[in-house]
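Me: I have a structure to go through before the group meeting. Can you walk me through a few parts of it?
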Amino acid sequence: MNISFEYPFLAAAAFIVIPAVVFIYSRLKNPFVLLMPLGAPGGVPFKTSQVNGLVKFLKLLEIISVFLIFLSAAGPSIRTSETLWLNRGADIMFIMDISPSMAALDMDGQSRFAVGVNLIKEFAQRRPADNIGFVGVGLDAALFIPLTTDREALRLRLELLRIGELGDATALGVGLAVTSFHLENSNAQRRVAIIVTDGENNAGAIHPETAAGFLRDAGVSFWVIAIGSQGEVPIDFTDPFTNIRRIGILYSEYDEESLQSLAEAGGGTLLIAPNADAFAAAFAQIDADEITIQRSRVVNRHRSIFYQFFIPAIFLMGLVKFTRKYLLKAVI
């Protein structure tokens, strides 16, 4: 976004000529005027009244109003560039485990949850034409972010997510079923489901492989990212219900074989991410494999801001005239 002028020479006059004229006028003295101090010889000279200061202030307001008049006459406008997508991108739904185990600090000192949220935001920024949605999984599953291209709304909602807000369990099957419901009727040319988890399904009435089959039957591209290291891992998070900080050691393990079966049931691919680098590499692989053709054009828009300068100028001129006529009266 930038400001441009239809008549730049008038803008130049406002910024250069007017200040120069005011400066020169204030420095020059009339050679035909004789300055004489008033008052008794050797006594205290007369002091200027406060009215003199008000008069100078009114002159300043007049200068500012003239400056604004020149700017408004220069035809100011705001120019913005907007990208219009000429084709629809992919519909991509993330399903992420947000149970307390995702607070494990084995991603180069960061939690699995924090790294996962950041990777989703970065992934979305690299694919501006795609609709991105988010399903959280815990004891139950819920759609937190519907499919959208609004990256600011996506970012804000992801930053409000809290570990454990859906309970201490992992209902993978329910999360996949919710995702299937929102993708099966999509008319996007490419539909993608990406599930991020560090554990096994241990809640919910729907078996994960059954729900994954729904995605396969609907023609949805399916990815499973198994995140986390094996063994004892430090954990640190604040319970969203009690606001009590939980610090301890988690014995981390997941059944790779069951997650592989889940990926196969959905006709998809399993990616293993035991550390932050592998986690980022998994997202990079998905980004490279799920290619969509993006056609766009840039539209330049102009919005006049003439009145933003003209109205204050008229107001200042009226204020000066009112002050001189009704407040100063016979003094000026």
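Reply: Helices (H or I, at least four residues) and strands (E, at least two) are DSSP runs, numbered from the N terminus. This is a predicted model, where local features need pLDDT of at least 70, side-chain atom pairs count only at pLDDT 80 or more, and totals for chains, interfaces and linings use all residues. Residues are numbered from 1 along each chain as its sequence is written, and side-chain values use heavy atoms, with hydrogens and water left out.

Me: Fine. Where is Asn243 found?
Reply: Asn243 sits in the loop between strand S8 (231-238) and strand S9 (245-252). Its phi is positive, about 60 degrees, although Asn243 is not a glycine.

Me: And is Asn243 buried or exposed?
Reply: Asn243 is exposed, with a relative accessible area of 62%. The cut-offs are under 20% relative accessible area for buried, over 50% for exposed, and partly exposed in between (1.4 Å probe, protein chains only).

Me: What about phi of Asp108?
Reply: Phi of Asp108 is near 55 degrees, again a positive value in a residue other than glycine. Asp108 is in the loop between strand S3 (91-97) and H3, and counts as exposed at 59% relative accessibility.

Me: Switching to Arg127. Where is its place?
Reply: Arg127 is in the loop between H3 and S4. With a relative accessible area of 4%, Arg127 is buried.

Me: What does the side chain of Arg127 make a polar contact with?
Reply: With the side chain of Asp130, at 2.5 Å. The side chain of Arg127 also reaches the backbone oxygen of Glu290 at 2.4 Å. A polar contact here is a pair of N or O atoms within 3.5 Å; within protein, one must be able to donate a hydrogen and the other to accept it, and residues adjacent in sequence count only if both atoms are side-chain atoms.

Me: Now H4. Which residues of it are buried?
Reply: In helix H4 (residues 151-160) they are Arg151, Leu154 and Leu158. Seen down the axis of H4, these buried residues fall within an arc of 55 degrees, so they line one face of the helix. The arc is taken from the directions from the helix axis to the C-beta atoms.

Me: What do the buried residues of H4 pack against?
Reply: Helix H3 (112-126), strand S4 (131-137) and strand S5 (141-148), with contact meaning heavy atoms within 4.5 Å.
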